[in-house]
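Trainee: Hi! Could you walk me through this model while I have the sequence and the structure open?
Mentor: Happy to, just ask away.

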Amino acid sequence: MKTVLVLNGPNLNLLGTREPAVYGAQTLADVEALCATACASHGLALDFRQSNHEGVMIDAIQEAGRAQAAGTLIGVVLNAGAYTHTSVALHDAIKGSGVTLIELHISNVHAREAFRHHSFISPVAKAVMAGFGVKGYALAISGLAGLAG
Ligand code: DQA
């Protein structure tokens, strides 16, 4: 059974209490359960992680690139949080690892503040998804499964 890595960046551990009008009422544990169901429906295993630390996220992306090269992983769904808008290092990690990656945002970042309109992730992502709420995670997993299948 191949794996999908769902990687969440800074402040996403606060889902459920953080700006619920923007991000909804569901917690990160709820999102993990939703992702597990989506993966199971495609015969995939889930590796679900969250970190507030850029270097930890870079390590996870490099690890995912090695796993994809070894044939044990089909790709990554990444919600990089605010690092989306700041991190050249995440851009380089995605590019350098060669991993297939879907950029995901719970909110429609393009309908929000101007500083959220630029993404360092988009140029190295296979696809970009924003604005579907937490249901976007399940849609992104289906999209990744479709790309791999
Ligand atoms: C986010 C959007 C980012 O701008 C923000 O910094 C986040 C969450 C989203 O899921 O909508 O932390 O990635």
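Trainee: Where does Gly 55 sit?
Mentor: Gly 55 is in helix H3, residues 54-70. Helices here are DSSP runs of H or I with at least four residues, strands are runs of E with at least two, and both are numbered from the N terminus. One thing to keep in mind is that this is a predicted model, where local features need pLDDT of at least 70 and side-chain atom pairs count only at pLDDT 80 or more, while totals for chains, interfaces and linings use all residues. Residues are numbered from 1 along each chain as its sequence is written, and side-chain values use heavy atoms, with hydrogens and water left out.

Trainee: Is Gly 55 buried, exposed or partly exposed, and why?
Mentor: Gly 55 counts as partly exposed because its relative accessible area is 39%. Buried means under 20%, exposed means over 50%, and partly exposed is in between, with a 1.4 Å probe and protein chains only.

Trainee: And how far is Gly 55 from Ala 89?
Mentor: Their C-alpha atoms are separated by 8.6 Å, and the two residues are 34 residues apart along the chain.

Trainee: Which residue of S3 is the bridge partner of Leu 5?
Mentor: That is Val 76. Strands S1 (residues 3-8) and S3 are parallel and pair over 6 bridges; two strands pair if DSSP finds at least two bridges between them.

Trainee: What about Leu 78, buried or exposed?
Mentor: Leu 78 is buried, because its relative accessibility is 1%. This residue belongs to strand S3. Leu 78 and Leu 5 are 73 residues apart in sequence, with 8.2 Å between their C-alpha atoms.

Trainee: What does Leu 78 bridge to in S4?
Mentor: The bridge partner of Leu 78 there is Glu 103. S3 and strand S4 (residues 101-105) run parallel and are joined by 3 bridges. From S3 the chain crosses through helix H4, residues 88-97, to S4 in a right-handed β-α-β crossover. Right-handed here means that, with the strands pointing away from the viewer, the path from the first strand over the helix to the second runs clockwise.

Trainee: Which residue in S2 stands opposite Val 4?
Mentor: Leu 46 does. S1 and strand S2, residues 45-50, are parallel and share 6 bridges.

Trainee: And on the S5 side, what does Leu 104 face?
Mentor: Leu 104 stands opposite Met 129 in S5. S4 pairs with strand S5 (residues 127-130) in the parallel sense, over 4 bridges.

Trainee: New topic: which residues are around the ligand?
Mentor: Among them are Arg 18, Tyr 23, Asn 79, His 85, His 105, Ser 107 and Arg 116.

Trainee: How far is the side chain of Ser 107 from a ligand oxygen?
Mentor: An N or O atom in the side chain of Ser 107 is 2.6 Å from an oxygen atom of the ligand. For His 105 the distance to a ligand oxygen is 2.8 Å, and for a polar side-chain atom of Arg 116 it is 2.9 Å. The ligand taken alone exposes 320 Å², and the protein buries 99% of that; accessible areas come from the Shrake-Rupley method with a 1.4 Å probe, and for residues only the protein chains shown count as cover.

Trainee: Which strand holds His 105?
Mentor: His 105 lies in strand S4 and counts as buried because its relative accessibility is 6%.

Note on methods
A residue is near a molecule or strand if one of its heavy atoms lies within 4 Å of it. A polar contact is a pair of N or O atoms within 3.5 Å; within protein, one must be able to donate a hydrogen and the other to accept it, and residues adjacent in sequence count only if both atoms are side-chain atoms.
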